[in-house]
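Q: I have a model open on my screen. Please show me how to read it, feature by feature.

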Amino acid sequence: MRSRPPLNPEDRQIIEEWQAKIAIANRNNIFCHCKTCNAEWVDSSLEADCQACGSDRVERISCWQFPDD
Ligand SMILES: [Zn+2]
């Protein structure tokens, strides 16, 4: 297999637009699950501690990663 050809500028722009959209979605839709008290919430921060118990053992999943069905 030969390596893939380099992206042309149009493809690169589309990818950059997608990355920007994903970054925005990431900022605003972080699904959080506290491993200590099992609280679940949606946050805009990847740094927030659990609002219910203050634990920092929080699992964070970006909402855009969920399958759309
Ligand atoms: Zn908690």
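Q: What is the mean pLDDT of the chain?
A: pLDDT is the predictor's confidence in each residue, from 0 to 100. Here the chain has a mean of 83, and 83% of its residues reach 70 or more. Since this is a predicted model, local features need pLDDT of at least 70 and side-chain atom pairs count only at pLDDT 80 or more, while totals for chains, interfaces and linings use all residues. Residues are numbered from 1 along each chain as its sequence is written.

Q: Where in the chain is confidence lowest, and where is it highest?
A: Confidence is lowest in helix α1 (residues 9-28), with a mean of 83. It is highest in β1, at 89.

Q: How many helices and strands does the chain have?
A: Helices (H or I, at least four residues) and strands (E, at least two) are DSSP runs, numbered from the N terminus. This chain has one helix and three strands. From the N terminus on, the order is α-β-β-β.

Q: In what order do the strands lie in the sheet?
A: Strands of a sheet pair through backbone hydrogen bonds, either parallel or antiparallel. Two strands count as paired if DSSP finds at least two bridges between them. In this model, three strands form an open sheet in the order β2-β1-β3, and the pairing is antiparallel. β2 (40-43) and β3 (58-62) are the edge strands, each pairing on one side only.

Q: How many bridges join β1 to β2?
A: Four bridges link β1 (residues 30-34) to β2. Among the facing residues, His33 stands opposite Glu40 in β2. Cys32 has Trp41 of β2 as its bridge partner. The two strands make a hairpin with five residues between them. In that turn, Asn38 has a positive phi of about 65°.

Q: Which residues is Asp49 in contact with, beyond its neighbours within four places in sequence?
A: Two residues are in contact if their C-beta atoms, placed from the backbone, lie within 7 Å. Asp49 sits in the loop between β2 and β3. Its contacts, with those sequence neighbours left aside, are Gly54, Ser55, Asp56 and Val58.
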